[in-house]
Amino acid sequence: MAPRPWRRLLPLVLLAPLALAGLARSQPQPAPEQQAQPLLSDADAVAAAVLRANPEIEALSAHVQAMEQGVPQAGVWADPMVGVEYSNMPLTAPYPGAHPMAGVQLRVSQALPAPGKIGARQALARQRVTADRSAIPVRQNELVAMVRTLYHELALHRQLAEVTRQHIALVEQLSDVVQIAYEVGRAAQHELMQLQVLADRLRDDLEDLGQRERSSLARLNAALHRNEGGPIETPAQTALPELAPSLDAWVRRVQADQPELARFVEAAKVEGVAADRADAERHPDVTLTLGYRVRRATEMGDAGEDFVTLGAQMPLPWLWNDERWGAEAAQHRAARRALEASRDALADALRGRVDAALERFRRSRDKTERYEETLIPEAHRALDSTFAAYRVGRADFGSVYQAELLLLDLERAVRMARSEAARAAVEVEMLAGAYVPVTEEER
């Protein structure tokens, strides 16, 4: 009896899953850095990504963790001392019992810090941790502002490239019309050549914009710690941000939230606490000593009873306190005053920078609105009208050419104005400390 067909296929069916599993294992797996990167679609996503992945933040956090280990170290007392002496042995009979003074001396001593010393040392260590931790929001604020600015630059390069491509197509359309006019004797050859040169220049501009786009993208990926890069989408038109117009309101935010000012404050506190610690170090430590002498009976009639010794000792630093700890305390207090003055100077400089950035924002916003509402529509109408008149011989080539150049300049300018407004807004918000992430405790 002939075997049924399904019985012949049964071994293949049973072995197929094993074969597929082996094939899957044999396929090379992509390295972690080669795996697909997530899509970043706006400036907020880019800002969140840099806070997650930038190694500078991780390095600062690790440094703070290392400094935190210095706080318990600052509270440790000096190690107790233990000693043993084979003392007062005669040279001619160097063993216990040969002389009443001979014996084995056991000694333990402990230095007791003066009241307030340990607390002052730990306070200084804790304040140094706080000061080092204050550097983290400074760098977070700067990194977010940097990647937002790069994102707007990337968007601008792509937008200008799109405008350039549109005008290349428009110039080619004009070239077709001038070519026809040239063939019927209504246009000169140099007019056709001018359009060809303009198209070639625009294509060269397109290459420059491509290089700038790749440069901005590379810098963004480097800041985001993405070795292989990844997709970053940008808008066809940069949105105009909303900013409060009042300079005083922004200055109040700078005074309250700017992390660079806060870092100066914490650094000044370090110097103040260091001065307090130097004052505490003026007081001498006391060292207590406990000794126990093991003795043996001697032939001279000494019973050889063991001795106990209890003592205390301390340095006498008062003659040199001013030269040592007093001078150090004065040094730290002078450094604190210098940092406080530097903080005030920085606050003045930040006010000037905020004012300048707000002015850039206002001018770019007003320019954008004027160009989009008035100048560009008028330039489009002028080009369309001049081009139509040229077709019927009522306008010369120079008028068409100048109308095209004017429209090109205006469309480029309005995109640069939108980008400038966005970047000015980023600078204002960075100066006000708006990009410092909110922690769970602050929520």
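How many salt bridges does the structure hold? The structure holds 32 salt bridges, a salt bridge being a side-chain nitrogen of Lys or Arg within 4 Å of a carboxyl oxygen of Asp or Glu.

1. Basis of the note. The model is predicted, with local features needing pLDDT of at least 70 and side-chain atom pairs counting only at pLDDT 80 or more, while totals for chains, interfaces and linings use all residues. Residues are numbered from 1 along each chain as its sequence is written, and side-chain values use heavy atoms, with hydrogens and water left out.

2. The Asp285 pair. Asp285 forms a salt bridge with Lys117, with 2.9 Å between the closest N and O atoms. Distant parts of the chain are linked by this pair: Asp285 is in the loop between helix H9 (259–280) and strand S3 (286–294), and Lys117 is in helix H5, 168 residues apart. Helices (H or I, at least four residues) and strands (E, at least two) are DSSP runs, numbered from the N terminus. Lys117 is buried at a relative accessible area of 5%, whereas Asp285 is partly exposed at 23%. Here buried means under 20% relative accessible area, exposed over 50%, and partly exposed in between (1.4 Å probe, protein chains only).

3. The network. Glu281 forms a salt bridge with Arg277, the closest N and O atoms lying 3.4 Å apart. Through shared partners, salt bridges join Lys117, Arg121, Arg277, Glu281, Asp285 and Glu328 into one network. Within this pair, Glu281 is buried, with a relative accessible area of 7%, and Arg277 is partly exposed, at 23%.

4. The Glu213 pair. A salt bridge connects Glu213 with Arg158, whose closest N and O atoms are 2.9 Å apart. Glu213 belongs to helix H7 (residues 189–223) and Arg158 to helix H6, so the pair ties together parts that are 55 residues apart in sequence. Glu213 is partly exposed, at 22% relative accessibility.

5. Packing of H3 and H5. The axes of helix H3 (residues 55–68) and helix H5 (residues 117–133) come within 9 Å and cross at roughly 175°. Axes are lines fitted to C-alpha atoms, for helices over the stretch in contact, and angles run from 0 to 180 degrees between N-to-C directions. The two helices, H3 and H5, are therefore roughly antiparallel to each other (angles over 145 degrees count as such). His63, Val64, Met67 and Glu68 of H3 make the contact with Arg128, Val129, Asp132 and Arg133 of H5, where contact means heavy atoms within 4.5 Å. These residues comprise three nonpolar, one polar and four charged.

6. Nonpolar cores. The largest nonpolar core has 45 residues, and those with the most contacts inside it are Val46, Val50, Leu220, Leu243, Trp250, Val354 and Leu358. Such a core is a set of buried Ala, Val, Leu, Ile, Met, Phe, Trp, Tyr and Cys residues joined through side-chain atoms within 4.5 Å. H6 supplies the largest share of this core, eight residues. Val50 touches Leu143, Val144, Val147, Ala223 and Leu224, not counting residues up to four places away in sequence.

7. Thr164. This residue, Thr164, is found in helix H6 (residues 135–183) and is buried, with a relative accessible area of 0%. Not counting residues up to four places away in sequence, Thr164 touches Leu202, Leu206, Leu209 and Arg412.

8. Val436. The segment after helix H11 (397–431) contains Val436, which is partly exposed at a relative accessible area of 24%. Leaving aside neighbours within four places in sequence, Val436 is in contact with Pro137, Gln140, Asn141 and Pro259. Val436 and Val400 are 36 residues apart in sequence and 52 Å apart in space, C-alpha to C-alpha.

Conventions:
Angles under 35 degrees count as roughly parallel, over 145 as roughly antiparallel, 65 to 115 as roughly perpendicular and the rest as oblique. Ala, Val, Leu, Ile, Met, Phe, Trp, Tyr, Cys and Pro count as nonpolar, Asp, Glu, Lys and Arg as charged, and the others, Gly among them, as polar.
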